[in-house]
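Here's a quick tour of the pockets and ring contacts in this one. Have a look at the model first, then read on.

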Amino acid sequence: MSEKIYGSLEEEISVLRKKRHAVILAHNYQNDEIQQLADFTGDSLRLCQEAAKTDAEVILFCGVHFMAETASILCPDKKVIVPDIDAGCSLADMVRPEEIRQWKQQHPQGVVVCYINTSAAVKAECDYCCTSSNAVRIVKVIPKNKEILFVPDFFLGTYAKANSGRDDMSLWRGYCPTHVMIQTSEIERLKAEHPQAEFIMHPECGCLTKSMHLADKITSTEGMVKYVRESPKKEFIVATEVGILYRLRKDNPDKTFIMASEHSICSYMKMHTLEKLALALENLQPEVKVAPDLAKKARVCIERMLALS
Ligand code: CIZ
């Protein structure tokens, strides 16, 4: 029915966005049609920072649940809604707050660093937050006499450990199912076929230790966007979720991108559709709201990271 009134879903979303004073944020892994109409595209941290700067009253966050929670923590005065409340994150679900409390009891001197891919309840138990572009920097500032407990991504933790010179780091055994299936053998094959190409890699990749030496750059999605923009090279092999192609191609029409795996698709990220965006804006729900007490505790580790960035 709405399509009859508006002509298209894009038009409906555009009208509702104005009516609701909403800003639409799309993570770099979203479907192309969502990235196309978003006000901002980026990684989760950049999106929350952009949202905090706008005078929008409503944030429509097209990403996964922990990202919308981060927006609620950093933008407490705005209403945060999502197109599909079931868009979760397998990696974030691999650690629970009670497990962190138990781990801290076993390592009372430990400093807990959490990847941004964690729930607000987990962040509230942690000392520092990090993203995949600043994990090494964050780990390096922790005093040498303190043991580091890193959650939840084992591969990002391995990367931070290898590049910070910190041997006293204990790693949680979590992983991202979308990144864990990317294979070194495929990267080697693609590099042999495209000898001029640069290879850029996300540190969540399961083949990180075996492929690290092949990479020209290991970074977050936002780091990849920046690296490709600044590189004089014309061809890139990319190891992360396929949604990143939209941004890379849009920003660099003269460059070619080859995915290390065409099957690296996050089904949670792809749960959002234009129909669900329109419905969320119409009904101003489903809402993601982190309770003020929890948000206050969770904000501490995020603010420590921002102060170091
Ligand atoms: O922080 C993000 O957005 C994540 C989880 C990945 C990335 O590299 O953009």
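Thirteen residues line the second largest pocket, and Asp 43, Leu 45, Thr 131, Ser 133 and Asn 134 lie nearest its centre. This is a predicted model, where local features need pLDDT of at least 70 and side-chain atom pairs count only at pLDDT 80 or more, while totals for chains, interfaces and linings use all residues. Residues are numbered from 1 along each chain as its sequence is written, and side-chain values use heavy atoms, with hydrogens and water left out.

A pocket here is an open set of points on a 1 Å grid over the protein atoms alone, where a 1.4 Å probe fits and protein lies on both sides within 12 Å along at least five of seven lines; lining residues have an atom within 4 Å of a point. Volume is the space filled by probe spheres set on the points.

| Pocket | Volume | Lining by class |
|---|---|---|
| Largest | about 370 Å³ | 14 nonpolar, 13 polar, 3 charged residues |

In the second largest pocket, helix 4 (44-53) and helix 13 (221-230) each supply at least two lining residues, and helix 4 gives the largest share, 3 residues. Helices are DSSP runs (H or I, at least four residues), and strands are E runs of at least two, numbered from the N terminus.

As for the largest pocket, with its volume of about 370 Å³, 30 residues line it, and Tyr 29, Met 67, Asn 117, Glu 204 and Met 269 are the closest to its centre. Helix 5 (65-74) and helix 10 (177-180) are the elements giving two or more residues to that lining; the largest share, 3 residues, is from helix 10.

Now the rings. There are 3 aromatic pairs, meaning Phe, Tyr or Trp rings (six-membered ring for Trp) with centres within 6.5 Å; planes under 30 degrees apart are stacked, over 60 edge-to-face, the rest tilted. One of them is Trp 103 with Trp 172, edge-to-face at 5.1 Å centre to centre and 70° between the planes. Trp 103 sits in helix 6 (residues 97-106) and Trp 172 in the loop between strand 8 (169-171) and helix 10, so this pair ties together parts 69 residues apart in sequence. Both Trp 103 and Trp 172 are buried (under 20% relative accessible area with a 1.4 Å probe, protein chains only; exposed is over 50%, partly exposed in between).

How values were computed. Ala, Val, Leu, Ile, Met, Phe, Trp, Tyr, Cys and Pro count as nonpolar, Asp, Glu, Lys and Arg as charged, and the others, Gly among them, as polar.
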